[in-house]
Amino acid sequence: MKLYHAAASPYARKTRVTLREANISELVEEVEVAPWADPEGYRDITPLGKVPALERDDGHNLFQSSIICEYFASLNPAINLYPNEGEIRWKNLRQIGAGDGIMDASVGIRVENLFHEEPTQSHKFIQRQEVTVTKSLDLLESNADELEGPVSAGQIAVACALAYRDFRFSEIEWRLSRPKLSQWFESFYERASMQDTIPE
Ligand SMILES: N[C@@H](CCC(=O)N[C@@H](CS)C(=O)NCC(=O)O)C(=O)O
């Protein structure tokens with residue numbers, strides 16, 4: 001199988017961290033692509049033209065990071081990245097929702113900054129995404145104790161979203177008013193899966 005990724009993409013990083021945490025790296029070749037350059041043939045691998053995309057040996061490729069993460073987890077069920085018991089299941093999925101939501105809002109701002117210059121840049125759109133990020137970070141801080149415990153898909157999504165904030169928006173300090181989330185992140189960031197996927 002081939003996992004197409006870009007080092008800077010938080011969605012792609014989520015799949016690469018999941019690959020390592022599921023301990024199945026030997027099954028997958030990681031291939032770097034630049035999606036915005038529209039590499040020839042890439043739309044045959046994924047109709048979305050985005051990273052990440054997983055090219056499977058049977059031709060039934062997968063796209064959308066959350067689906068690829070779930071697929072990787074399914075290849076090694078002994079590592080329970082998607083806990084299924086009672087409320088823990090929903091806590092995990094809520095963390096994925098918050099992490100993905102922070103990525104969507106942050107990447108949306110980045111795209112707006114890259115593709116639109118003044119005066120066509122939509123300040124209203126950017127402000128709205130910033131509220132999404134702030135509110136999601138506040139929710140994670142309030143529920144920071146739920147991030148403790150064995151490694152999960154929810155933790156991975158949150159960690160990759162926070163790392164993307166640091167990577168692209170380091171001027172916006174998120175830690176000061178969120179000490180518990182910050183402490184949890186410092187510890188999770190030490191994991192080999194995170195260290196191994198730091199963008200240049
Ligand atoms: N919902 C998608 C989002 C993926 C995404 O937006 N990736 C960006 C890079 S961070 C991309 O490839 N953009 C190229 C494009 O939008 O055409 C996922 O979870 O995989």
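This is a predicted model: local features need pLDDT of at least 70, side-chain atom pairs count only at pLDDT 80 or more; totals for chains, interfaces and linings use all residues.

I started with helix H7 (residues 179-189), where Leu181, Ser182, Trp184, Phe185 and Phe188 come out buried. Buried here is under 20% relative accessible area, exposed is over 50%, and partly exposed is in between, with a 1.4 Å probe and protein chains only. Helices (H or I, at least four residues) and strands (E, at least two) are DSSP runs, numbered from the N terminus. Looking down the axis of H7, I get its buried residues within an arc of 165 degrees, so they line one face of the helix; the arc is that of the directions from the helix axis to the C-beta atoms. The other side of H7 has Pro179, Lys180, Gln183 and Ser187, which are exposed.

What covers the buried residues of H7? I found that the cover includes helix H5 (123-142), helix H6 (153-168) and helix H8 (192-195); contact means heavy atoms within 4.5 Å.

Residues are numbered from 1 along each chain as its sequence is written, and side-chain values use heavy atoms, with hydrogens and water left out.

**Rings**

I got eight aromatic pairs in the structure. The rule: rings of Phe, Tyr and Trp (its six-membered ring) pair if their centres lie within 6.5 Å, and planes under 30 degrees apart count as stacked, over 60 as edge-to-face and the rest as tilted. I looked up the pair of Trp174 and Phe185, which is edge-to-face at 5.8 Å centre to centre, with 65 degrees between the planes. Trp174 sits in the loop between H6 and H7 and Phe185 in helix H7, so this pair ties together parts that are eleven residues apart in sequence. Are the two partners buried or exposed? Trp174 counts as buried at 3% relative accessibility, and Phe185 is buried too, with a relative accessible area of 2%.

I also noted one aromatic cluster made of Tyr164, Phe167 and Phe169. Phe169 has Arg165 over its face, 4.3 Å from the ring centre. For that call, NZ of Lys or CZ of Arg must be within 6 Å of the ring centre and within 35 degrees of the ring normal.

**Voids**

Definitions before numbers. On a 1 Å grid over the protein atoms alone, a cavity is a set of points where a 1.4 Å probe fits but cannot get out; a pocket is an open set with protein on both sides within 12 Å along at least five of seven lines; lining residues have an atom within 4 Å of a point. Grid points are joined across faces, edges and corners, and a volume is the space filled by probe spheres set on the points.

How many cavities of 30 Å³ or more are there? The count is three, and the largest cavity holds about 60 Å³ of space. Its lining residues include Lys91, Arg94, Leu139 and Glu146. Helix H4 (86-115) gives the most to that lining, with four residues.

The largest pocket has about 780 Å³ of space. I listed 27 lining residues for this pocket, with Ser9, Tyr11, Trp36, Val51 and Val107 nearest its centre. Helix H1 (10-21), helix H3 (65-74), H4 and H6 each supply at least two residues of the pocket lining, and H4 has the largest share, six residues.

Most residues other than glycine have a negative phi, and most peptide bonds are trans. I looked for departures. The peptide bond from Val51 to Pro52 is cis, with omega near 0 degrees; Pro52 lies in the loop between H2 and strand E3 (53-55). Glu118 and Pro119 are also joined by a cis peptide bond, omega about 5 degrees, and Pro119 is in the loop between H4 and H5.

Asn23 is not a glycine, yet its phi is positive at about 65 degrees. Asn23 lies in the loop between H1 and E2 and counts as exposed at 52% relative accessibility. Asp38 has a positive phi near 50 degrees; I place it in the loop between E2 and H2, partly exposed at 48% relative accessibility.
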